[in-house]
Amino acid sequence: MRSWTFPVALQAGPNSGQRNPVFQQIAQAIRADIRRGRLRPGDALPGSRSLAQSLGVHRNTVLAAYRELEAEGWTTAEQRSTRVASDLPEAPARRTRTDRGPGYDLAPPHTPGPWSSLRSGPPGTLSLSGGLPDLRLVPTDLLSRAFRRALRTPALLGYGNPLGEARLRAALGLLLSETRGLAVSADQVLVTPGSQGALDLVARTLLRPGDRVAVEDPGYESAWATLRAAGAELVPVPVDGAGLQVEALEACLRQGPLRAIYLTPHHQYPTTVTMSAPRRLRLLELARQHRIAILEDDYDNEFHFEGRPVLPLAGDDPSGVVLYLGTLSKILAPGLRIGFVTGPRVVVEALAARRAIADGQGNLALQRAAAELLEEGLLQRHARKMRRTYLARRSALATALGRHLGGSASFELPPGGMSLWLRLDPSLDAETWANRALRLGVLVDPGRRFDFHGRPLPNLRLGYAALDERELDEAVRRLARAL
Ligand SMILES: Cc1ncc(COP(=O)(O)O)c(C=O)c1O
């Protein structure tokens, strides 16, 4: 017999608040366990003597409960034992609550976006979707050594500061000041579960339902979903070859105040363009005048190939309007969920207070491991190596596109990042092409995925970092075959 333990404490006596007699409580608990599948048809119940002993009741009380269950058809009495009736329908008895869906309403918005489910093709499908790093090249040995050391540090196994692990915050502060021109101290850095976690925290702290928030169009659907979930009313602002059209933003402002603007100025998602210097200055000035928070998502700063990386908006922000979101998803691995946000101290404190009532602090040991890699310069070295790798892959993709696609599509080499924005010949339909390509074993994102209104765009976005040169060539051959 499978071992079964009586599930609840019995309530007895005049002060227990329990009006059911003890034998009925016993029957009720057994009935509930049969319903939820802890006891299955054919299972033997414990002998009345031993159950009575373990519950501290008289044996007759247990026998009364067993008689009641038998009378109701839940159990059958056999020669020397009582068993759960074998003719009870097993499926309903074992069904869990989640099978049936909730017996209550969810607060909106809870419908998944059209692209939120992962698509997959036949086995061996090569993915040019998203902008993932090559997960085969993650420095797992270094990371696991550092993680093992962190696990041996008892302080990292307890509760900690809602800002996150102190050494990681210090290391990130140093990295930001050395390479991105941001003078931030450790207490202005809050470590989050990815930059998505940072945006969620910022949105919940900053926004009130109905606040208007400007976003890039085309842009990043995951960010839109997060902002909407916090009650924002999104205002799409068009993007061109110099990034977000700030003149269009000014037109939006004439229609009503904006509380925030979310954008990706370094490598615009998905077009990869870098926002021009005059537009940056104008944007910062508008934000100052109108008290708009700029949520700057700089998700792949290290991977810039043409000249030096452009300094973030946050590096030129005397009026304190920018909240800067970063991530280790691209230079290390997205599955580790390490991102961060930095900005004016008061705002970071407010974010920390909010974080304290969400997940508390994040994974301190993992954060310490990442801190060690940064302190020893190992992560920076890995990022430099990957930059060379991805640069070679960008060239390989460009060569393959030229070789296999001919005049069907055109592109500019992206100045940085991990993906390329392909413009299609007007005779081609991006979605039809992407669907056919998937059947031939290559996954690409059609332009509609990035359009604010879900309209078709004559583009494909090709992430090239996760595949090596040979795979990229094969992926583009398959794309060409799908034409
Ligand atoms: C625009 C943008 N922001 C941020 C991220 C990184 O998200 P996270 O740090 O949550 O992994 C990505 C990853 O694809 C992205 O495309």
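Predicted model: local features only at pLDDT ≥ 70, side-chain atom pairs only at ≥ 80, totals over all residues.
User: Ok. Leaving aside neighbours within four places in sequence, what is proline 238 in contact with?
Analyst: Asp217, Gln245 and Ala248 are its contacts once those sequence neighbours are set aside.

User: Which strand is proline 238 in?
Analyst: Strand β6 holds proline 238.

User: Why is proline 238 called partly exposed?
Analyst: Because 13 other C-beta atoms lie within 10 Å of proline 238, and partly exposed is the class between buried, at 20 or more, and exposed, at 12 or fewer.

User: And how far apart in space are proline 238 and valine 202?
Analyst: They are 23 Å apart, C-alpha to C-alpha, and 36 residues apart in sequence.

User: How does β5 run against β6, parallel or antiparallel?
Analyst: β5 and β6 run parallel, joined by six bridges. Valine 215 is placed opposite proline 236 of β6.

User: How many residues of β5 are buried?
Analyst: Five of the six residues in β5 are buried, which leaves the strand mostly covered.

User: What sheet do β5 and β6 belong to?
Analyst: They sit in an open sheet of eight strands with mixed pairing, in the order β4-β11-β10-β9-β8-β5-β6-β7. At the edges are β4 (189-192) and β7 (243-244); each has a single partner strand, so one side of each has no neighbour in the sheet.

User: How do β4 and β11 pair?
Analyst: They pair in the antiparallel sense, over four bridges, and β11 covers residues 339-342. Leucine 190 faces valine 341 of β11.

User: Which strands does α8 lie across?
Analyst: α8 lies across β4, β8, β9, β10 and β11, and its angle to β11 is about 40 degrees.

User: Switching to the ligand. Which residues come nearest?
Analyst: There are 14 residues around the ligand, and Gly194, Gln196, Tyr299, Thr327 and Ser329 come nearest. Helix α8 (residues 194-206) gives the largest share of that shell, three residues.

User: What classes are in the shell?
Analyst: Nine of the shell residues are polar, four are nonpolar and one is charged.

User: What about α9, which of its residues are buried?
Analyst: In helix α9 (residues 221-229) the buried ones are Glu221, Ala223, Trp224, Thr226 and Leu227. These buried residues pack against α8, β5, β6, β8 and β9. Just after α9 comes glycine 231, with a positive phi of about 95 degrees.

User: What is phi for threonine 272?
Analyst: Threonine 272 has a positive phi of about 75 degrees, although it is not a glycine. Threonine 272 is in the loop between β8 and α11.

User: How do helices α7 and α13 pack?
Analyst: α7 (residues 166-180) and α13 (residues 364-375) meet at an angle of about 40 degrees, and their axes are 8 Å apart. The crossing is left-handed. From α7 the contact takes in Arg167, Leu168, Ala171 and Leu175, while the α13 side includes Gln367, Ala370 and Leu374. By class, the contact has six nonpolar residues, three charged and one polar.

User: Last one. What order do the strands take in the four-strand sheet?
Analyst: The order is β12-β13-β16-β15, in an open sheet with antiparallel pairing. β12 (409-410) and β15 (445-446) are the edge strands; each has a single partner, so one side of each lacks a neighbour in the sheet. β13 and β16 pair over five bridges, and tryptophan 421 has arginine 461 of β16 as its bridge partner.

How values were computed: Residues numbered from 1 in each chain as written. Near = placed C-beta within 6 Å. Helix = DSSP H or I, 4+ residues; strand = E, 2+ residues; numbered from the N terminus. Nonpolar A, V, L, I, M, F, W, Y, C, P; charged D, E, K, R; others polar. Pairing = 2+ DSSP bridges. Contact = placed C-beta atoms within 7 Å. Axes fitted to C-alpha atoms, helices over the stretch in contact; angles between N-to-C directions. Left-handed = near helix turned anticlockwise from the far one by under 90°.
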